[in-house]
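Please examine the structure shown below together with its sequence. The paragraphs that follow lead through the packing of helices, the salt bridges and the confidence of the model.

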Amino acid sequence: MAQGRLSQMNYIRNLPPQPVIEDEPEGLLGESTAPNASEALLAALGSCLSTGIHANALAQGIPIRSLELSVEADINMTSVWGSGDLHPKTIGFEVIRVSVSIDADTSRKALAALIKHTVLWSPVANTLHNPVHLDVALAPITVG
């Protein structure tokens with residue numbers, strides 16, 4: 001739901017209102033009041049991986065004292081929203097980097113295997129690195 005200028009409010013499932021506000025940086029015509037959709041996508045990836053790492057560690061009996069993920073990406077913004085330089089190029093993220101810091105009583109080899117397993121089974125990571133059919137269409141007119 002549009003909230004003004006380029007700010008959006010999103011609702012999720014039938015949960016009680018927990019608005020997810022998104023806005024664009026000032027350099028992209030926004031007011032920089034909230035993360036933009038690309039940043040929210042990176043946050044979703046980080047949350048999915050963090051949850052998966054923690055759940056799989058629990059299942060394997062690996063107690064985690066601390067877990068922190070740093071997520072960053074390179075994105076080409078020269079043709080954002082179909083304006084600017086429209087020559088063929090990658091649109092969206094060109095590379096995403098995730099650095100995982102874990103404090104746990106197990107070997108680095110076990111932690112690396114835990115991360116590899118989590119990425120393999122992460123729905124968000126798989127959505128990003130596998131081709132996904134995307135169907136976006138104008139909604140039908142509702143009468144009444």
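Helix α1 (residues 37-59) packs against α2 at an angle of about 125 degrees, and their axes are 9 Å apart. Here axes are lines fitted to C-alpha atoms, for helices over the stretch in contact, and angles run from 0 to 180 degrees between N-to-C directions. Helices (H or I, at least four residues) and strands (E, at least two) are DSSP runs, numbered from the N terminus. The angle makes α1 oblique to α2; angles under 35 degrees count as roughly parallel, over 145 as roughly antiparallel, 65 to 115 as roughly perpendicular and the rest as oblique. On the α1 side, the contact is made by Leu 49, Gly 52, Ile 53, Asn 56 and Ala 57. On the α2 side, Leu 114, Ile 115, His 117, Thr 118 and Val 119 take part, where contact means heavy atoms within 4.5 Å.

This is a predicted model, in which local features need pLDDT of at least 70 and side-chain atom pairs count only at pLDDT 80 or more, while totals for chains, interfaces and linings use all residues. Residues are numbered from 1 along each chain as its sequence is written, and side-chain values use heavy atoms, with hydrogens and water left out. The pLDDT, the predictor's confidence in each residue from 0 to 100, averages 83 over the chain, and 73% of the residues score at least 70. Among the elements of the chain, α2 has the highest mean pLDDT (97) and strand β1 (residues 2-4) the lowest (49).

Next come the salt bridges. A salt bridge is a side-chain nitrogen of Lys or Arg within 4 Å of a carboxyl oxygen of Asp or Glu; four are found in the whole structure. In one of them, the closest N and O atoms of Arg 65 and Asp 103 are 2.9 Å apart. Arg 65 lies in strand β4 (residues 64-76) and Asp 103 in strand β5 (residues 92-104), so this pair ties together parts that are 38 residues apart in sequence. Arg 65 also meets Asp 105 in a salt bridge, at 2.9 Å from N to O. Asp 105 belongs to the loop between β5 and α2 (108-121), 40 residues apart from Arg 65.
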